[in-house]
Amino acid sequence: MREFGVFHLFAGSGGGALGFDRASVEWRGIPGRFRNLGGVDADPEACSDFEALTGVPATVMDLFSREDYVAYHGHEPPTEWQEIGPEELRRAAGERPDVIFTSPPCQGFSALLPSQQAVSDKYQALNRLTFRGIWLALEAWKDDPPGLILLENVPRITTRGADLVADIKALL
């Protein structure tokens, strides 16, 4: 049986990882399964839940750039905060994943957020995590990119985030 390693960006409490745990694949008669390698999320409680639900490590890691951290939070990050680069992401995964599953924050794209708020610096910074996560993953494994990158988000990303979606397509 072929095994495909999956690494989760913006992993949350592990709902996506549980889906991969329960999935099986078959391609041209060759059976396969997914194996979760771990995930990253900025929320320590979500990382704790992820580990409890999946049995694999989750690393507390904020994927904001410094500039977007300030735009979102309205102040400079604490002194212990560091801007994550490709090397830190590679270390968190532990090995090269076959699949990257990314489920970035969707509040800025959601129809539940009024349009005036959606265009604010705060929510635009949150939206840019969509691009940054994929960019970091591609940079982390640029010598041997994952075979599949899945982006989970809300439908309105195609309108409110059309420029970011275009940028992601160009990056891929």
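Ala, Val, Leu, Ile, Met, Phe, Trp, Tyr, Cys and Pro count as nonpolar, Asp, Glu, Lys and Arg as charged, and the others, Gly among them, as polar. This is a predicted model, in which local features need pLDDT of at least 70, side-chain atom pairs count only at pLDDT 80 or more, and totals for chains, interfaces and linings use all residues. Residues are numbered from 1 along each chain as its sequence is written, and side-chain values use heavy atoms, with hydrogens and water left out.

Q: How do the residues of the lining of the largest pocket divide by class?
A: A pocket is an open set of points on a 1 Å grid over the protein atoms alone, where a 1.4 Å probe fits, with protein on both sides within 12 Å along at least five of seven lines, and lining residues have an atom within 4 Å of a point. The largest pocket has a volume of about 360 Å³, and among its 19 lining residues Phe-10, Ala-42, Pro-105, Leu-126 and Leu-129 are the closest to its centre. The lining divides into 12 nonpolar, 4 polar and 3 charged residues.

Q: Which elements give two or more residues to the lining of the largest pocket?
A: Helices are DSSP runs of H or I with at least four residues, and strands are runs of E with at least two, numbered from the N terminus. The elements that meet this condition for the largest pocket are H3 and H6.

Q: Which element gives the most to the lining of the second largest pocket?
A: Strands E1 (2-9), E2 (24-27) and E3 (30-41) each give two or more residues to that lining. With 4 residues, the largest contribution comes from E3.

Terms used
Points joined across faces, edges and corners; volume = space filled by probe spheres on them.
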